Amino acid sequence: MQGYIINFNKVKDEDLIVTILTKSKVLTLYRFYGARHSQINLGYKIDFESKSSIKSTIPQLRGILHLAHKWNVEHDRMFIWQPFIKLFFLHLRDIDEVDEFYFNLLEECSAIWHLQNPKRIAIEAYIKLLEHEGRLHDEFICFNCEEPIDEDISLIRSFMPAHEKCVWTNPFTRLHVEELFRTKSSMFMDDKDVERLWRIMLEGF
């Protein structure tokens, strides 16, 4: 079985509770500490086995093989990948079975993470996620006053649109937001706007 490590927590004696996103499930597994175990790290893609154990009510994580990407050793790219991955855990943590969309989205991102600005990749993936879940508000109705937005657009958590005067945040150029939502591409956004979008995204899916 293959999946992405989207969270882990240390428990007694250096054991770990590990959360893994696979194509169809979000698994919570117990990894017993041992010198010969493969390294566990947030965001790693692994091949693994899940086995029931009399030692724990949670299935054991066994037979771990790290399916490394070339950029896993690039600190700057991993520094962005890990908070991006963590957002999937926070978004899916109360769900056991999932659509394979989420795993496939991470597959798409990981395949090009070394080729482009990773924050742009993450933002474009997030737009696809919002559309998949029916939460992409491309009608540009202000979430606060429920009136149409005819000027430049402010965005808040979940990229919900608002009038600048309703949320008191600097707006984005309307045309750029329209293109981002329509094409799922940040090409029209400059790096400063991409950084702003990244920070909004980190507030949560």
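Contact here means heavy atoms within 4.5 Å. This is a predicted model, in which local features need pLDDT of at least 70 and side-chain atom pairs count only at pLDDT 80 or more, while totals for chains, interfaces and linings use all residues. Residues are numbered from 1 along each chain as its sequence is written, and side-chain values use heavy atoms, with hydrogens and water left out.

Q: Which residues of α3 and α6 meet?
A: On the α3 side they are Lys119, Arg120, Ala122, Ile123 and Tyr126, and these meet Asp191, Val194, Glu195, Leu197, Trp198 and Met201 in α6. The residues of this contact divide into 7 nonpolar, no polar and 4 charged.

Q: Why is α3 called oblique to α6?
A: The axes of α3 (residues 118-132) and α6 (residues 191-201) come within 10 Å and cross at roughly 55 degrees. Angles under 35 degrees count as roughly parallel, over 145 as roughly antiparallel, 65 to 115 as roughly perpendicular and the rest as oblique, so α3 is oblique to α6.

Q: What makes the pair of Trp81 and Trp113 edge-to-face?
A: Rings of Phe, Tyr and Trp (its six-membered ring) pair if their centres lie within 6.5 Å, and planes under 30 degrees apart count as stacked, over 60 as edge-to-face and the rest as tilted. Trp81 and Trp113 lie 4.8 Å apart centre to centre, with 75 degrees between the planes, and therefore form an edge-to-face pair.

Q: Are Trp81 and Trp113 buried or exposed?
A: Both Trp81 and Trp113 are buried, a term for under 20% relative accessible area, with exposed over 50% and partly exposed in between (1.4 Å probe, protein chains only).

Key: Axes fitted to C-alpha atoms, helices over the stretch in contact; angles between N-to-C directions. Helix = DSSP H or I, 4+ residues; strand = E, 2+ residues; numbered from the N terminus. Nonpolar A, V, L, I, M, F, W, Y, C, P; charged D, E, K, R; others polar.
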